[in-house]
Amino acid sequence: MATNKLATYSGVSTKIRAMSVNLITDEQFNQISNFKHVEELIAFLQTNPSYSKALAHMDPSMMRRSEFEKRMHFSTFSDFSKIYHFVGKKQKQFLNFFFKEYETALLKVCIRNILDYRVPDKIEVAHDFFERLAPFDLDEVTSAKDMDSLIDCLKETEYYEPLMTVHAIDNPTLFDYEMGLDLFFFKYIWEKKHDFVPRGEMGIFDEAFGSKIDLLNILWVYRCKVYYNITPSQIYSFLIPIHFHIDEETLKSLVDAKDMDAFYDTLSNTHFGNEFGFNPEISMESQFGDYMYQINQTQFKESPYSIACINSFFYLKNLEVSRVITAMECIRYGYEPEKILEFVNKKRGVL
(Lines give C-alpha, C1' and ligand atoms only; values in the text may rest on other atoms or scores of the structure.)
Protein backbone atom coordinates (compact mmCIF):
# COMPACT_ATOMS: atom_id res chain seq x y z
CA MET A 1 0.00 0.00 0.00
CA ALA A 2 2.77 2.46 0.95
CA THR A 3 4.63 1.58 -2.26
CA ASN A 4 1.48 2.18 -4.33
CA LYS A 5 0.94 5.57 -2.70
CA LEU A 6 4.55 6.53 -3.28
CA ALA A 7 4.21 5.68 -6.95
CA THR A 8 0.87 7.46 -7.23
CA TYR A 9 1.85 10.68 -5.49
CA SER A 10 5.60 11.00 -6.08
CA GLY A 11 5.09 13.04 -9.26
CA VAL A 12 2.51 15.46 -7.91
CA SER A 13 4.41 15.76 -4.62
CA THR A 14 7.53 16.76 -6.55
CA LYS A 15 5.50 19.22 -8.65
CA ILE A 16 3.98 20.81 -5.55
CA ARG A 17 7.36 21.10 -3.84
CA ALA A 18 8.68 22.92 -6.91
CA MET A 19 5.68 25.27 -6.96
CA SER A 20 6.05 25.91 -3.23
CA VAL A 21 9.34 27.67 -3.96
CA ASN A 22 7.24 30.60 -5.23
CA LEU A 23 5.34 30.99 -1.94
CA ILE A 24 6.12 34.31 -0.26
CA THR A 25 8.58 33.90 2.60
CA ASP A 26 8.55 35.62 6.00
CA GLU A 27 11.53 37.69 4.85
CA GLN A 28 9.56 38.86 1.81
CA PHE A 29 6.58 39.79 4.00
CA ASN A 30 9.00 41.88 6.05
CA GLN A 31 9.97 43.59 2.80
CA ILE A 32 6.29 44.09 1.88
CA SER A 33 5.60 45.69 5.26
CA ASN A 34 8.02 48.50 4.35
CA PHE A 35 6.20 49.43 1.13
CA LYS A 36 4.68 52.91 1.22
CA HIS A 37 2.44 52.60 -1.81
CA VAL A 38 0.17 49.91 -3.25
CA GLU A 39 2.02 50.31 -6.56
CA GLU A 40 5.14 48.88 -4.90
CA LEU A 41 3.23 45.83 -3.69
CA ILE A 42 1.72 45.13 -7.10
CA ALA A 43 5.10 45.58 -8.82
CA PHE A 44 6.57 43.10 -6.35
CA LEU A 45 3.79 40.56 -6.92
CA GLN A 46 4.09 40.88 -10.69
CA THR A 47 7.60 39.41 -10.41
CA ASN A 48 6.19 36.29 -8.70
CA PRO A 49 5.25 33.54 -11.20
CA SER A 50 2.10 32.77 -9.21
CA TYR A 51 0.69 36.30 -9.59
CA SER A 52 2.31 37.75 -12.69
CA LYS A 53 -0.49 36.70 -15.04
CA ALA A 54 -3.36 37.62 -12.71
CA LEU A 55 -1.92 41.08 -12.04
CA ALA A 56 -0.60 41.83 -15.52
CA HIS A 57 -1.59 45.13 -17.17
CA MET A 58 -3.03 46.54 -13.95
CA ASP A 59 -3.14 50.24 -13.20
CA PRO A 60 -2.70 50.35 -9.41
CA SER A 61 -3.98 53.93 -9.22
CA MET A 62 -7.33 52.84 -10.70
CA MET A 63 -7.64 49.55 -8.83
CA ARG A 64 -10.32 48.95 -6.20
CA ARG A 65 -9.87 46.55 -3.31
CA SER A 66 -12.54 44.19 -4.70
CA GLU A 67 -10.71 43.94 -8.02
CA PHE A 68 -7.38 43.24 -6.34
CA GLU A 69 -8.94 40.70 -3.99
CA LYS A 70 -10.73 38.92 -6.84
CA ARG A 71 -7.55 38.71 -8.91
CA MET A 72 -5.56 37.41 -5.95
CA HIS A 73 -8.07 34.68 -5.19
CA PHE A 74 -8.35 33.61 -8.81
CA SER A 75 -4.56 33.56 -9.11
CA THR A 76 -4.73 30.31 -7.16
CA PHE A 77 -6.63 28.92 -10.12
CA SER A 78 -3.44 29.23 -12.17
CA ASP A 79 -1.67 26.93 -9.72
CA PHE A 80 -4.68 24.61 -9.74
CA SER A 81 -4.52 24.40 -13.54
CA LYS A 82 -0.83 23.51 -13.47
CA ILE A 83 -1.39 20.70 -10.99
CA TYR A 84 -4.55 19.46 -12.74
CA HIS A 85 -2.75 19.03 -16.05
CA PHE A 86 0.05 17.16 -14.28
CA VAL A 87 -1.75 14.54 -12.16
CA GLY A 88 -3.36 11.18 -12.89
CA LYS A 89 -7.02 10.20 -12.94
CA LYS A 90 -7.43 9.61 -9.17
CA GLN A 91 -5.85 12.95 -8.28
CA LYS A 92 -7.98 14.71 -10.91
CA GLN A 93 -11.05 13.37 -9.15
CA PHE A 94 -9.87 14.93 -5.91
CA LEU A 95 -8.97 18.21 -7.61
CA ASN A 96 -12.56 18.39 -8.86
CA PHE A 97 -13.41 19.07 -5.21
CA PHE A 98 -11.22 22.19 -5.31
CA PHE A 99 -12.71 23.16 -8.67
CA LYS A 100 -16.12 23.24 -7.00
CA GLU A 101 -14.75 26.05 -4.83
CA TYR A 102 -13.74 28.01 -7.94
CA GLU A 103 -17.19 27.48 -9.45
CA THR A 104 -18.94 28.87 -6.37
CA ALA A 105 -16.43 31.74 -6.16
CA LEU A 106 -17.14 32.62 -9.80
CA LEU A 107 -20.91 32.54 -9.20
CA LYS A 108 -20.47 34.84 -6.19
CA VAL A 109 -18.65 37.36 -8.39
CA CYS A 110 -21.48 37.15 -10.95
CA ILE A 111 -24.10 37.73 -8.24
CA ARG A 112 -22.07 40.60 -6.78
CA ASN A 113 -21.91 42.24 -10.22
CA ILE A 114 -25.70 41.98 -10.55
CA LEU A 115 -26.64 43.19 -7.06
CA ASP A 116 -23.87 45.73 -6.47
CA TYR A 117 -24.59 48.85 -8.49
CA ARG A 118 -21.01 50.10 -8.46
CA VAL A 119 -18.65 49.40 -11.37
CA PRO A 120 -18.80 45.59 -11.87
CA ASP A 121 -15.73 43.42 -11.53
CA LYS A 122 -14.34 42.13 -14.78
CA ILE A 123 -14.29 38.36 -14.66
CA GLU A 124 -11.09 36.85 -16.00
CA VAL A 125 -10.67 33.08 -15.83
CA ALA A 126 -9.09 30.35 -17.90
CA HIS A 127 -12.02 30.20 -20.32
CA ASP A 128 -11.26 26.87 -22.01
CA PHE A 129 -10.55 25.18 -18.68
CA PHE A 130 -13.82 26.38 -17.13
CA GLU A 131 -15.80 25.40 -20.22
CA ARG A 132 -14.41 21.88 -19.98
CA LEU A 133 -15.04 21.32 -16.26
CA ALA A 134 -17.90 23.60 -15.23
CA PRO A 135 -21.51 22.31 -15.55
CA PHE A 136 -22.72 25.67 -16.92
CA ASP A 137 -22.03 27.87 -19.94
CA LEU A 138 -19.39 30.35 -18.83
CA ASP A 139 -20.34 33.11 -21.29
CA GLU A 140 -24.03 32.93 -20.40
CA VAL A 141 -23.37 33.00 -16.66
CA THR A 142 -20.87 35.85 -16.71
CA SER A 143 -23.03 38.01 -19.00
CA ALA A 144 -26.28 37.62 -17.01
CA LYS A 145 -27.76 41.04 -16.15
CA ASP A 146 -30.21 40.02 -13.42
CA MET A 147 -30.77 37.16 -10.99
CA ASP A 148 -33.62 35.65 -13.01
CA SER A 149 -31.43 35.21 -16.08
CA LEU A 150 -28.44 34.01 -14.04
CA ILE A 151 -30.50 31.34 -12.29
CA ASP A 152 -32.08 30.36 -15.59
CA CYS A 153 -28.57 29.72 -16.96
CA LEU A 154 -28.05 27.25 -14.10
CA LYS A 155 -31.33 25.35 -14.57
CA GLU A 156 -29.64 22.07 -15.54
CA THR A 157 -27.01 22.23 -12.77
CA GLU A 158 -26.86 21.47 -9.06
CA TYR A 159 -26.71 25.24 -8.36
CA TYR A 160 -30.27 25.86 -9.56
CA GLU A 161 -32.16 24.57 -6.51
CA PRO A 162 -30.12 26.32 -3.76
CA LEU A 163 -30.19 29.65 -5.61
CA MET A 164 -33.91 29.33 -6.36
CA THR A 165 -34.53 28.69 -2.66
CA VAL A 166 -32.86 31.99 -1.81
CA HIS A 167 -34.50 33.78 -4.75
CA ALA A 168 -37.94 32.81 -3.43
CA ILE A 169 -37.57 34.70 -0.13
CA ASP A 170 -38.62 38.33 0.22
CA ASN A 171 -35.96 40.78 -0.99
CA PRO A 172 -32.94 38.44 -0.82
CA THR A 173 -29.61 40.22 -0.33
CA LEU A 174 -26.11 39.50 -1.60
CA PHE A 175 -25.38 37.97 1.81
CA ASP A 176 -28.35 35.60 1.42
CA TYR A 177 -27.18 34.37 -1.98
CA GLU A 178 -23.57 33.94 -0.87
CA MET A 179 -24.64 32.12 2.28
CA GLY A 180 -26.87 29.88 0.18
CA LEU A 181 -23.94 28.98 -2.09
CA ASP A 182 -21.67 28.32 0.89
CA LEU A 183 -24.18 26.02 2.56
CA PHE A 184 -24.73 24.22 -0.73
CA PHE A 185 -21.00 23.76 -1.28
CA PHE A 186 -20.32 22.15 2.10
CA LYS A 187 -23.37 19.87 1.95
CA TYR A 188 -22.64 18.84 -1.64
CA ILE A 189 -18.99 18.00 -0.99
CA TRP A 190 -19.75 16.10 2.22
CA GLU A 191 -22.48 14.04 0.57
CA LYS A 192 -20.44 13.43 -2.60
CA LYS A 193 -17.03 12.96 -0.97
CA HIS A 194 -16.83 9.32 -2.07
CA ASP A 195 -16.84 10.62 -5.65
CA PHE A 196 -13.82 12.85 -4.95
CA VAL A 197 -11.63 11.13 -2.39
CA PRO A 198 -9.37 8.20 -3.38
CA ARG A 199 -10.01 4.92 -1.62
CA GLY A 200 -8.12 4.59 1.65
CA GLU A 201 -7.71 8.36 2.13
CA MET A 202 -11.14 9.25 3.48
CA GLY A 203 -9.77 9.70 7.01
CA ILE A 204 -7.42 12.46 5.82
CA PHE A 205 -10.23 14.24 4.01
CA ASP A 206 -12.71 13.91 6.88
CA GLU A 207 -10.28 15.29 9.43
CA ALA A 208 -9.44 18.35 7.31
CA PHE A 209 -12.84 19.11 5.75
CA GLY A 210 -14.95 17.94 8.71
CA SER A 211 -12.87 19.99 11.15
CA LYS A 212 -13.24 23.03 8.91
CA ILE A 213 -17.02 22.66 8.98
CA ASP A 214 -17.05 22.28 12.77
CA LEU A 215 -14.85 25.35 13.27
CA LEU A 216 -16.88 27.46 10.84
CA ASN A 217 -20.07 26.56 12.72
CA ILE A 218 -18.50 27.45 16.07
CA LEU A 219 -17.18 30.69 14.60
CA TRP A 220 -20.62 31.64 13.28
CA VAL A 221 -22.17 31.01 16.70
CA TYR A 222 -19.42 33.09 18.32
CA ARG A 223 -19.85 35.99 15.88
CA CYS A 224 -23.63 35.97 16.21
CA LYS A 225 -23.38 36.12 20.00
CA VAL A 226 -20.64 38.75 20.17
CA TYR A 227 -21.45 41.06 17.26
CA TYR A 228 -25.16 40.61 16.52
CA ASN A 229 -28.32 40.60 18.59
CA ILE A 230 -30.14 37.69 16.99
CA THR A 231 -32.17 34.77 18.29
CA PRO A 232 -30.97 31.14 18.53
CA SER A 233 -33.37 30.16 15.74
CA GLN A 234 -31.75 32.78 13.50
CA ILE A 235 -28.29 31.47 14.40
CA TYR A 236 -29.28 27.95 13.33
CA SER A 237 -30.20 29.26 9.86
CA PHE A 238 -26.55 30.23 9.32
CA LEU A 239 -25.06 26.88 10.36
CA ILE A 240 -23.85 24.10 8.09
CA PRO A 241 -26.04 21.04 8.85
CA ILE A 242 -23.05 18.70 9.15
CA HIS A 243 -21.38 17.44 12.33
CA PHE A 244 -17.94 15.84 12.64
CA HIS A 245 -16.15 16.34 15.96
CA ILE A 246 -18.91 18.66 17.22
CA ASP A 247 -22.17 16.75 17.55
CA GLU A 248 -25.60 18.35 17.27
CA GLU A 249 -26.17 18.46 21.03
CA THR A 250 -22.87 20.23 21.69
CA LEU A 251 -23.58 22.77 18.96
CA LYS A 252 -26.99 23.39 20.51
CA SER A 253 -25.33 24.03 23.87
CA LEU A 254 -23.06 26.62 22.24
CA VAL A 255 -26.02 28.34 20.56
CA ASP A 256 -28.08 28.34 23.77
CA ALA A 257 -25.23 29.40 26.09
CA LYS A 258 -26.60 32.14 28.37
CA ASP A 259 -23.37 34.15 28.26
CA MET A 260 -19.82 33.96 26.88
CA ASP A 261 -18.50 32.27 30.04
CA ALA A 262 -20.94 29.40 29.46
CA PHE A 263 -20.01 29.41 25.76
CA TYR A 264 -16.30 29.03 26.55
CA ASP A 265 -16.99 26.36 29.20
CA THR A 266 -18.79 24.26 26.59
CA LEU A 267 -16.13 24.98 23.97
CA SER A 268 -13.30 23.92 26.28
CA ASN A 269 -14.83 20.45 26.66
CA THR A 270 -15.09 19.79 22.92
CA HIS A 271 -12.60 17.86 20.77
CA PHE A 272 -10.94 21.14 19.76
CA GLY A 273 -10.77 22.38 23.34
CA ASN A 274 -9.09 19.17 24.46
CA GLU A 275 -6.77 19.05 21.43
CA PHE A 276 -5.75 22.70 21.16
CA GLY A 277 -7.20 24.67 24.06
CA PHE A 278 -8.83 28.10 23.87
CA ASN A 279 -7.71 31.54 24.99
CA PRO A 280 -10.51 34.15 25.32
CA GLU A 281 -7.85 36.87 25.06
CA ILE A 282 -6.93 35.88 21.48
CA SER A 283 -9.30 36.36 18.57
CA MET A 284 -11.35 33.28 17.76
CA GLU A 285 -10.55 33.69 14.05
CA SER A 286 -6.78 33.54 14.70
CA GLN A 287 -7.05 30.52 16.99
CA PHE A 288 -9.21 28.57 14.58
CA GLY A 289 -6.90 29.47 11.73
CA ASP A 290 -4.03 28.11 13.81
CA TYR A 291 -5.91 24.85 14.36
CA MET A 292 -6.53 24.36 10.63
CA TYR A 293 -2.89 25.18 9.91
CA GLN A 294 -1.76 22.55 12.42
CA ILE A 295 -4.18 19.95 11.07
CA ASN A 296 -3.04 20.45 7.46
CA GLN A 297 0.66 20.56 8.25
CA THR A 298 0.48 17.52 10.55
CA GLN A 299 -1.33 15.53 7.88
CA PHE A 300 1.28 16.45 5.29
CA LYS A 301 4.16 15.44 7.58
CA GLU A 302 2.51 12.14 8.48
CA SER A 303 1.21 11.31 4.98
CA PRO A 304 3.25 13.23 2.39
CA TYR A 305 2.29 10.81 -0.38
CA SER A 306 -1.47 11.29 -0.20
CA ILE A 307 -4.12 13.94 -0.82
CA ALA A 308 -2.53 15.71 2.18
CA CYS A 309 0.20 17.11 -0.07
CA ILE A 310 -2.46 18.75 -2.27
CA ASN A 311 -4.52 19.93 0.71
CA SER A 312 -1.48 21.41 2.41
CA PHE A 313 -0.32 23.34 -0.66
CA PHE A 314 -3.69 24.96 -1.33
CA TYR A 315 -4.11 25.75 2.35
CA LEU A 316 -0.77 27.59 2.37
CA LYS A 317 -1.63 29.30 -0.91
CA ASN A 318 -4.97 30.57 0.39
CA LEU A 319 -3.27 31.72 3.59
CA GLU A 320 -0.72 33.64 1.53
CA VAL A 321 -3.44 35.34 -0.50
CA SER A 322 -5.23 36.34 2.70
CA ARG A 323 -2.03 37.82 4.13
CA VAL A 324 -1.24 39.75 0.94
CA ILE A 325 -4.74 41.25 0.84
CA THR A 326 -4.32 42.30 4.48
CA ALA A 327 -0.94 43.88 3.66
CA MET A 328 -2.46 45.77 0.72
CA GLU A 329 -5.17 47.29 2.92
CA CYS A 330 -2.64 48.30 5.58
CA ILE A 331 -0.39 49.93 2.98
CA ARG A 332 -3.36 51.77 1.50
CA TYR A 333 -4.20 53.20 4.94
CA GLY A 334 -0.60 54.28 5.51
CA TYR A 335 0.19 52.07 8.51
CA GLU A 336 3.72 51.86 9.83
CA PRO A 337 5.77 48.74 8.92
CA GLU A 338 5.49 47.30 12.45
CA LYS A 339 1.70 47.61 12.38
CA ILE A 340 1.46 46.09 8.89
CA LEU A 341 3.56 43.11 9.97
CA GLU A 342 1.43 42.72 13.11
CA PHE A 343 -1.77 42.48 11.07
CA VAL A 344 -0.16 40.17 8.50
CA ASN A 345 1.14 37.84 11.19
CA LYS A 346 -2.29 37.68 12.82
CA LYS A 347 -3.36 35.84 9.69
CA ARG A 348 -1.68 32.67 10.91
CA GLY A 349 -4.27 30.45 9.35
CA VAL A 350 -7.45 30.56 7.30
CA LEU A 351 -10.76 28.78 7.46
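Is D79 buried or exposed? Select D79 and you'll find that it is buried, with a relative accessible area of 2%. (Buried means under 20% relative accessible area, exposed means over 50%, and partly exposed is in between, using a 1.4 Å probe and protein chains only.)

Before going on, a word about what you have open. This is a predicted model, in which local features need pLDDT of at least 70 and side-chain atom pairs count only at pLDDT 80 or more, while totals for chains, interfaces and linings use all residues. Residues are numbered from 1 along each chain as its sequence is written, and side-chain values use heavy atoms, with hydrogens and water left out.

**Stop 1: the whole chain**

Zoom out and switch to a cartoon view. The chain has 18 helices and zero strands. (Both are DSSP runs numbered from the N terminus: helices are H or I with at least four residues, strands are E with at least two.) Along its principal axes, the C-alpha trace spans about 55 × 55 × 50 Å. A compact globule with 351 residues would have a radius of gyration near 20 Å, and the chain agrees with that at 21 Å. (The radius is taken over C-alpha atoms, and the globule rule is 2.2 Å times the number of residues to the power 0.38.)

The accessible surface comes to about 17,500 Å², and 50% of it belongs to carbon and sulfur atoms. (Accessible areas come from the Shrake-Rupley method with a 1.4 Å probe; for residues, only the protein chains shown count as cover.) Buried residues make up 48% of the 351 residues. Take the contacts between residues at least 6 apart in sequence: 66% of them join residues at least 24 apart. (Contact means heavy atoms within 4.5 Å.)

**Stop 2: back to D79**

Select D79 again, this time with helix α4 (residues 65-86), where D79 sits. Leaving aside neighbours within four places in sequence, D79 is in contact with M19, S50, F313 and K317. (A salt bridge is a side-chain nitrogen of Lys or Arg within 4 Å of a carboxyl oxygen of Asp or Glu.) Then pick N22, which is 57 residues from D79 in sequence and 11 Å away in space, C-alpha to C-alpha.

**Stop 3**

The whole structure holds 14 salt bridges. Show D182 and K108, whose side chains meet in one of them at 2.6 Å, N to O. This pair links distant parts of the chain, with D182 in helix α10 (residues 174-196) and K108 in helix α5 (residues 89-115), 74 residues apart. D182 is partly exposed at 28% relative accessible area, whereas K108 counts as buried at 17%.

Next, select R112 and E178. Their side chains form a salt bridge too, at 2.7 Å, N to O. Here R112 is in helix α5 and E178 in helix α10, 66 residues apart, so this pair also links distant parts of the chain. R112 is partly exposed, with a relative accessible area of 27%, and E178 is buried at 18%.

While you have α5 on screen, pick Q91, which is found in this helix. Q91 counts as buried at 4% relative accessibility. Not counting residues up to four places away in sequence, Q91 touches T8, Y9 and I310.

**Stop 4**

Which residue does R332 meet in a salt bridge? Show E329: the two side chains meet at 3.7 Å, N to O. R332 and E329 are separated by about one helical turn because they are three residues apart in helix α17. R332 is partly exposed at 39% relative accessible area, while E329 is buried at 14%.

**Stop 5: helix α16**

Select residues 284-302, the 19 residues of helix α16. From first C-alpha to last, α16 reaches 27 Å, close to the 27 Å expected at 1.5 Å a residue. (The expected span is 1.5 Å times one less than the number of residues.) Colour the buried residues of α16, among them M284, F288, Y291, M292 and I295. The buried residues of α16 pack against α11 (202-227), α14 (260-268), α15 (271-276), α17 (307-332) and α18 (337-346).

**Stop 6: out on the surface**

Finish with V226, Y227 and Y228, which make a nonpolar surface patch of about 330 Å². (Patches are made of residues with over 30% relative accessible area and no salt bridge; like charges are joined within 9 Å, and nonpolar side chains, meaning Val, Leu, Ile, Met, Phe, Trp and Tyr, within 5 Å.) Y227 has its place in helix α11.

A7 counts as exposed at 59% relative accessibility. Draw a line from A7 to S20, 13 residues along the chain, and their C-alpha atoms are separated by 21 Å.
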